[in-house]
Amino acid sequence: MVGPVLDFLTRDPGVDPARTALLGVSLGGYLAPRAAAYEPCLAAVVALDGVFDAVSALTAHLPLPHEEAVRRAAAEHDEEMDRLIADARARSPTCAGPSITSGTRALCAVLQGSAWR
């Protein structure tokens with residue numbers, strides 16, 4: 001499937017075939033290197049696996065022990081935790097978009113695997 005996409009892209013004069021890369025995320029992170037192995041036209045491949053432990057991936061950015069971060073994220077109101085989350089978001093190169101007005105509620109929803117409330 002990568003071959004036909006590359007064929008299509010390289011017909012565009014704005015695409016430099018010598019600088020074409022393939023990005024795979026989650027299952028794509030597993031499949032992208034396999035596809036790239038048979039595509040000599042690719043200059044690079046980036047493989048990002050899925051997050052094995054999403055809770056630890058989130059709490060690792062907070063200056064608190066994991067258990068405390070989870071406990072405090074579940075609290076209905078914790079202004080200090082909101083500040084810690086906002087600071088972690090501000091330092092993150094991957095966070096974009098509007099800031100979360102209630103960081104504790106957002107993190108708690110993610111930690112509990114529930115929908116945003």
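The structure is a predicted model. Met 1 contributes to a nonpolar patch on the surface, Thr 20 counts as buried, and helix H4 has its buried residues along one face.

**Nonpolar surface patch**
- Four residues, Met 1, Val 5, Phe 8 and Leu 9, form a nonpolar patch on the surface.
- Together these residues have about 460 Å² of accessible area.
- Met 1 sits in the segment before helix H1, which spans 2-10.
- The relative accessible area of Met 1 is 81%, and because exposed means over 50%, Met 1 is classed as exposed.

**Thr 20**
- Thr 20 lies in the loop between H1 and strand S1 (21-25).
- Its relative accessibility is 10%; buried means under 20%, so Thr 20 counts as buried.
- Leaving aside residues up to four places away in sequence, Thr 20 touches Leu 6, Val 15, Leu 42, Ala 43 and Ala 44.
- A polar atom of the Thr 20 side chain lies 3.1 Å from the backbone oxygen of Asp 16.

**Helix H4**
- Helix H4 covers residues 66-73, and its buried residues are Ala 69, Arg 72 and Ala 73.
- Viewed down the axis of H4, these buried residues fall within an arc of 100 degrees, so they line one face of the helix.
- An α-helix has 3.6 residues a turn, so residues three or four places apart point the same way.
- Glu 67 and Arg 71 are exposed residues on the face of H4 turned away from its buried side.

Definitions and conventions. Residues numbered from 1 in each chain as written. Predicted model: local features only at pLDDT ≥ 70, side-chain atom pairs only at ≥ 80, totals over all residues. Heavy atoms only, no water. Patch = residues over 30% accessible without salt bridge, like charges linked within 9 Å, V, L, I, M, F, W, Y side chains within 5 Å. Areas by Shrake-Rupley, 256 points an atom, 1.4 Å probe, with all protein chains shown as cover. Salt bridge = Lys/Arg side-chain N within 4 Å of Asp/Glu carboxyl O. Helix = DSSP H or I, 4+ residues; strand = E, 2+ residues; numbered from the N terminus. Buried < 20%, exposed > 50% of the residue type's maximum accessible area, 1.4 Å probe, protein only. Polar contact = N/O pair within 3.5 Å; in protein donor to acceptor, adjacent residues only side chain to side chain. Contact = heavy atoms within 4.5 Å. Arc of directions from axis to C-beta.
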